[in-house]
Amino acid sequence: MPDWSRLPKLAAVLLALAPVPVVAQMPAPVRVASSAGPLLVETVAVGLENPWGLAFLPDGRMLVTERPGRLRIVSADGKLGAPLGGLPRLAARGQGGLLDVALDPAFRENRTIYLSYSEPRDNNAVATAVARGVLNAADTALVGTTVIFQQQPAGNTTRHFGSRLVFGRDGALFVTTGDRGNMEMSAQDPATHIGKVLRLRPDGSVPPDNPFVGQAGRRPEIWSSGHRNAQGAALHPQSGVLWTIEHGARGGDEVNVVRKGLNYGWPVISYGVEYSGRKIGEGQVKPGLEQPIHYWDPSIAPSGAAFYTADRFRGWKGSLFTGGLISEMLVRMTLDGDRVIGEERLLKEINERIRDVRQGPDGYLYLLTDNSNGRILRVRPAG
Ligand SMILES: [Ca+2]
């Protein structure tokens, strides 16, 4: 009778003896069509578990978050570094976990990194939070990690954390928060951080020129209200104004140009209907509530946003990109000022949920795929 209990140990020994592959097996590039001519979709890195946010370091390496709670540095040729230490305490549940990552505008001098994530709170509740820390000289950990923002109130759902981090030109940090998928915690309530765009100083304190500073019953961090779940945000390259892309109701995903003190309507007005099929609020238009500049019906389930400012793709300079989750594509919008005048749907061929899109320092597009074996993809002209 063989001793089966020894098999796992034997297997471990055999695995240890097997040659270690130096480079992970990369899927072959895929050629796809586009209005800018044929494109190549190349795999830069594999083996990332539900990657969520991507930021380029000044030397061309990438910081990538994995939603279960890891932050890694990925070399330009796709090698994954070990998970960095020094992360804040987070709750990786449902749509939550480690979410976006952003570099301080003065990263070259201060090596400071900002993270958004879902934070565990009392009574099993969770809420969006932002922390910052300094990348140590060995690139192995964040040190001096400090929580600079905690969304109030916390909630018991594990949905709609928002969480994009974008620095404005004046050095203030925009943070998007979601509505937590709970109608009782209204994005309209000025006494909460639910469904808002917030504007903070880098240390988490409130800039004195925020719209509701000093007003009783209003959170001073609020920049704009009435957002459902903005999972894409980027600064317009000419105007410097924040644009958000909101994961909306069924038939109500939105692009918004976000201005100080304004209310973007959720859940009073929206296009589409609840995912349950229920009607939303009061309709589609109401005085005093802002209209999106673009919406999708049917939904694309957007996440991530980037304005394209380089010259690698013929005719694409000035476009706005977003990833599609359910729709499994990359969407390019042609803009005329603050209007979306055209839309191109790309990369349907690769059948991947796209979580984030960024312009690389080389002018190519970099994408994260939302997959338990997630990838960094690079999109470039095939010619
Ligand atoms: Ca809206």
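Student: In strand E2, which residue is the bridge partner of Val30?

Tutor: This is a predicted model, in which local features need pLDDT of at least 70, side-chain atom pairs count only at pLDDT 80 or more, and totals for chains, interfaces and linings use all residues. Residues are numbered from 1 along each chain as its sequence is written. Strands (E, at least two residues) are DSSP runs, numbered from the N terminus, and two of them pair if DSSP finds at least two bridges between them. Strand E1 (residues 30-32) and strand E2 (residues 39-48) pair in the antiparallel sense over 3 bridges, and the partner of Val30 in E2 is Val41.

Student: Which residue takes a positive phi in the hairpin of E1 and E2?

Tutor: The hairpin has 6 residues between the strands. The positive phi, near 95°, belongs to Gly37.

Student: In E24, which residue is the bridge partner of Thr43?

Tutor: E2 is also joined to strand E24 (residues 374-381) by 7 bridges, and the two run antiparallel. The partner of Thr43 in E24 is Leu377.

Student: Is Asn256 buried or exposed?

Tutor: Asn256 is found in strand E16 (residues 253-258). A residue is buried if 20 or more other C-beta atoms, placed from the backbone, lie within 10 Å of its own, exposed if 12 or fewer do, and partly exposed in between. Asn256 has 25 other C-beta atoms within 10 Å, so Asn256 is buried.

Student: How many Å separate the C-alpha atoms of Asn256 and Val357?

Tutor: Along the chain, Asn256 and Val357 are 101 residues apart. The separation of their C-alpha atoms is 18 Å.

Methods:
Helix = DSSP H or I, 4+ residues; strand = E, 2+ residues; numbered from the N terminus.
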